[in-house]
Amino acid sequence: MKRLLLFTPLILAVVLGVVLFAGIGKDPNKLESALIGKPVPEFLLTDLHNESRELSSEVFEGQVSLLNVWGTWCPACRDEHGDLVWLAEEKGVRIVGLNYKDNRDDALVWLDRLGDPYQVSIYDPRGSLGFDLGVYGAPETYVIDADGIVRYRHVGVVNEKVWEQDIKPIVDRFREKI
Amino acid sequence: MWRPVFAWLLLMAIAPISAADARDVYGFDTQAQEQRFQTLISELRCPKCQNQNIADSNAPISKDMRDEVYRMMSDGASNEEIVGALVDRFGEFVRYKPEVDSRTILLWATPAIVVLGGLMVVAGIVIRSRRAGQNESPLTDEERARASAMLDGDDSSRT
């Protein structure tokens, strides 16, 4: 018994080591959204392409969509834009754009020049929907299921690898449920 | 001749302070309210720049969060409601003071557990040494006699 007690420091060190080792390699900047499993917050914002058309959370009903938060001021959004176009055109993914804290004219020029992967574009110049969603850094991409429930959030650039590894499995899972 | 230099140095010294003060201006009716606002924003963590609270952070998201805290305060919301509203959006992460619940109980209880454990170890050592002291003394009878002689101030034993 006494002998076993002598091993306590070793056991403690190993346990602590395992706990700390598990944390290595985790990116502390990637937070899980607080909205997972909850509906997209209520909103009433205009269409980026049409000032007089109002959009609400109904845009998510009926299909699994990606909600991509972007702005022309965001360099990483420029980086991922080509991949979003690829997703929309080659993979047939429905992407809803949330133009976040941006300027309508700049945003339209951007989409004109680089291609428009968004089936619907929500214009959120003051960032109100972004704030309710808990957006803390564009670009962010959410998976929204056919009932308008947030299922996943990816912070950072979406590219082919992120799509294949992180986003596609979740999209596929919720597509099957329809 | 030195006056302008002095003035310039003084200006340089206070410039950062005034810049920070001018960052955003919130009006409060009472000092207590302002105090409450300051306490709230110093206990909320910025999700973007994770080692800063929203009081210190210049990130746009922190500005939005400060605005929301101010707006809710002006609407008469309680501290719990304000922090709750932000936690609902950004997650438990934004609390610098996590709530006591089943997931955080270990976090809160660890200091107490460690102190308690330490006390138990100390108590164990004390009890054990006392028990040992009763049974056997490290001194022989002869040594004991010498020791008590010394303590009594009898110098004869020293020779």
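UniProt annotations may be inferred rather than shown by experiment, and their positions are given here in the numbering of this model. With that in mind, the record places the feature "transmembrane region", from an unreviewed entry, at residues 105–127 of chain B. The model examined here is a predicted one. In this model, residues 105–127 of chain B are 100% helix and 0% strand. From one end of this stretch to the other, the C-alpha atoms lie 32 Å apart.

Helix α3 of chain B covers residues 60–74 and packs against helix α4 of chain B, residues 79–90. The two axes are 10 Å apart and meet at an angle of about 145°, and the crossing of α3(B) and α4(B) is right-handed. On the α3(B) side, the contact is formed by B:Met65, B:Glu68, B:Val69, B:Met72 and B:Met73. Their partners in α4(B) are B:Glu81, B:Ile82, B:Ala85 and B:Leu86. By residue class, this contact of α3(B) with α4(B) comprises 7 nonpolar and 2 charged residues, with no polar ones.

Turning to chain A, the model shows 6 helices and 7 strands. Their order along the sequence is α-α-β-β-β-α-β-α-β-α-β-β-α. Chain A is more spread out than a compact globule, because its radius of gyration of 21 Å is well over the 16 Å that the globule rule gives for 178 residues. Along the principal axes, the C-alpha trace of chain A spans about 80 × 35 × 30 Å. Of the 178 residues in chain A, 35% are buried.

Is A:Leu10 buried or exposed? With 9 other C-beta atoms within 10 Å, A:Leu10 is exposed, since a residue counts as exposed when that number is 12 or fewer. A:Leu10 and A:Glu32 are separated by 22 residues in sequence, and their C-alpha atoms are 34 Å apart in space.

Finally, the two chains touch each other. Chain A brings 10 residues to the contact, and chain B brings 11 residues. On the side of chain A that touches chain B, 5 residues are nonpolar, 3 are polar and 2 are charged.

Note on methods: Residues are numbered from 1 along each chain as its sequence is written. Chains are lettered from A and ligands numbered from 1 in the order in which they are written. This is a predicted model: local features need pLDDT of at least 70, side-chain atom pairs count only at pLDDT 80 or more; totals for chains, interfaces and linings use all residues. Helices (H or I, at least four residues) and strands (E, at least two) are DSSP runs, numbered from the N terminus. The radius of gyration is taken over C-alpha atoms; the globule rule is 2.2 Å times the number of residues to the power 0.38. A residue is buried if 20 or more other C-beta atoms lie within 10 Å of its own, exposed if 12 or fewer, and partly exposed in between; C-beta atoms are placed from the backbone. Axes are lines fitted to C-alpha atoms, for helices over the stretch in contact, and angles run from 0 to 180 degrees between N-to-C directions. A crossing is left-handed if the near helix is turned anticlockwise from the far one by less than a right angle, and right-handed if clockwise. Two residues are in contact if their C-beta atoms, placed from the backbone, lie within 7 Å. Ala, Val, Leu, Ile, Met, Phe, Trp, Tyr, Cys and Pro count as nonpolar, Asp, Glu, Lys and Arg as charged, and the others, Gly among them, as polar.
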